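The following note sets out points for a colleague who wishes to examine this model in detail.

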Amino acid sequence: MTTTPARLAVLVKGWPRLSETFIAQELVALEDAGLTLELWSLRHPTDVKTHPLHDRLKARVNYLPEYLEDDPPRVRRALFSARRLPGFKDAVRCFRADYARDQTENRIRRFGQACVLARELPPGVTGLYAHFLHTPSSVARYAAILTGLPWSFSAHAKDIWTSPDWELREKLSAQTFGAQFGATCTAFGAEHLRSLADRTDRVDLVYHGLDLTRFPDAPHRKARAPDAPLALMSVGRLVEKKGFDRLIEALALLPDTLRWHWTHIGGGTLKHQMQDLAAAKGVADRITWRGACDQPEVIAEMRTSDLFVLPSRIAADGDRDGLPNVLMEAASQKLPILATPVSAIPEFIDTGVHGILVDDAPDSLAQAIRDFAARQDGGRAFADAAYKRLKTEFQMQPGINQLTRRLRTMMQDAA
């Protein structure tokens, strides 16, 4: 007689995604730790490229109907099947209460996707785990109520700071079908979620950290020649919270006597707006827009640059970064960092020790770049200190061990 191994169903917004390397890194590490995963994606991929990490994932990848009208027969079968599940009445009651406060098509779509997930989960699944606390966790929660399975989540940034408190509270309470546990990647976020939870031990702080075995040793960096241009680079989507508009304005304030070139890596909805701004400020010929790149291309650029710049800020809708993994990737290559003290960035960088943190005003950013360019050591002391902190406090494996223990306990309790 053969038995089906216990599986964990993992819900993600989209798969694969270049901008979510931290998720790919975590899932591959969970498989390496012995967990058997089944991936469920709410959306189909839009990126042309993938990271080598994506190819290492062994889990079967399933796609839910991105829109319910995409596959009406599949959705009808799921709704009919859901009516026979023991948790149907509770799930409908929960959905109606949510819809009364959030009357959107998105809310209806999440319930429909949950019904499809509940119908199509393969035998042996003993728990659900969602990446992001907003839409993927809504699907996981409804599906958990329908099936009686426990669910958990990993929260990051936008999902924490743009979700209403009522929704977060209910996803963090046993009385309202909340998650058995949740993990989040910043102390800043963990403190906020614990303040909304029915029990503080429902939320764990688990830094993503970095798997240094995937990265080459840091290059030997020579001092920049006095007449060489300062090579600035950034990695991040062209969206409001990344603050690249302020950086472009800052670059326009740099003196003519300073030679510089900025390389940007990443896609984003504000691409044309940023390029128009660069042209209007007269700095377009000093900027290279590389678009979305895979991780080897990102690391190669880091190895030849002089300064990594990430001018993050809080967007008008409250969205903000957590602790961007690109900062740790830059540190792995001993590339000095200039960033802003937003959200959890100060959890990795003490300004003046591991890098430079300034506010995102163009004058402040421009002054920091000028000061950095004048440094005799090329920022080597910052880079060495950040690299040391990365190796001692922000490696991936301790967090994976903690997360694996939590997930195994959840799955064993349900078996």
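1. Phe177 is located in the loop that runs between α8 (165-171) and β6 (181-184). The model is predicted, and in it the phi of Phe177 is near 60°, a positive value in a residue other than glycine. With a relative accessible area of 34%, Phe177 is partly exposed.

2. Lys334 also calls for attention: its phi is positive, at about 50°, although Lys334 is not a glycine. The residue belongs to the loop between α13 (325-332) and β12 (337-339). Its relative accessible area is 25%, so Lys334 counts as partly exposed.

3. A further backbone feature is the peptide bond from Trp15 to Pro16, which is cis, with omega near -10°. Pro16 is placed in the loop between β1 (7-14) and α1.

4. Aromatic contacts come next. A pair of aromatic rings is described by the distance of the centres and the angle of the planes. A search of the whole structure gives 10 aromatic pairs. For Trp151 and Phe153, the ring centres are 6.2 Å apart and the planes stand at 45°, so this pair is tilted. Trp151 and Phe153 are both buried.

5. Phe348 and Phe394 make an edge-to-face pair, with 5.1 Å from centre to centre and 80° between the planes. Because Phe348 lies in helix α14 (residues 345-348) and Phe394 in the loop between α16 and α17 (396-414), the pair ties together parts that are 46 residues apart in sequence. Both Phe348 and Phe394 are buried.

6. One aromatic cluster is formed by Phe95, Tyr99, Phe111 and Tyr142.

7. The charged end of Lys13 sits over the ring of Phe132, at 4.5 Å from the ring centre. Arg320 lies over the face of Trp161, with a distance of 4.4 Å to the ring centre.

8. By class, the lining of the largest cavity divides into 7 nonpolar, 4 polar and 1 charged residues.

9. The second largest pocket has a volume of about 640 Å³. It is lined by 31 residues, of which Lys222, Ala223, Arg224, Asp306 and Gly378 are the closest to its centre. Helices α15 (362-374) and α16 (380-393) each supply at least two residues of the lining. The lining of this pocket comprises 12 nonpolar, 7 polar and 12 charged residues.

10. As for annotation, the unreviewed UniProt entry places the feature "domain: Glycosyl transferase family" at residues 221-389. In the model, the end C-alpha atoms of residues 221-389 lie 19 Å apart. This span is 38% helix and 15% strand.

Methods. Residues numbered from 1 in each chain as written. Predicted model: local features only at pLDDT ≥ 70, side-chain atom pairs only at ≥ 80, totals over all residues. Heavy atoms only, no water. 1 Å grid on protein atoms, 1.4 Å probe; cavity = no way out; pocket = protein on both sides within 12 Å on 5 of 7 lines; lining within 4 Å. Points joined across faces, edges and corners; volume = space filled by probe spheres on them. Helix = DSSP H or I, 4+ residues; strand = E, 2+ residues; numbered from the N terminus. Nonpolar A, V, L, I, M, F, W, Y, C, P; charged D, E, K, R; others polar. Phe/Tyr/Trp six-rings, centres within 6.5 Å; stacked < 30°, edge-to-face > 60°. Buried < 20%, exposed > 50% of the residue type's maximum accessible area, 1.4 Å probe, protein only. Lys NZ or Arg CZ within 6 Å of the ring centre and 35° of its normal. UniProt positions renumbered as here; feature names shortened; annotations may be inferred.
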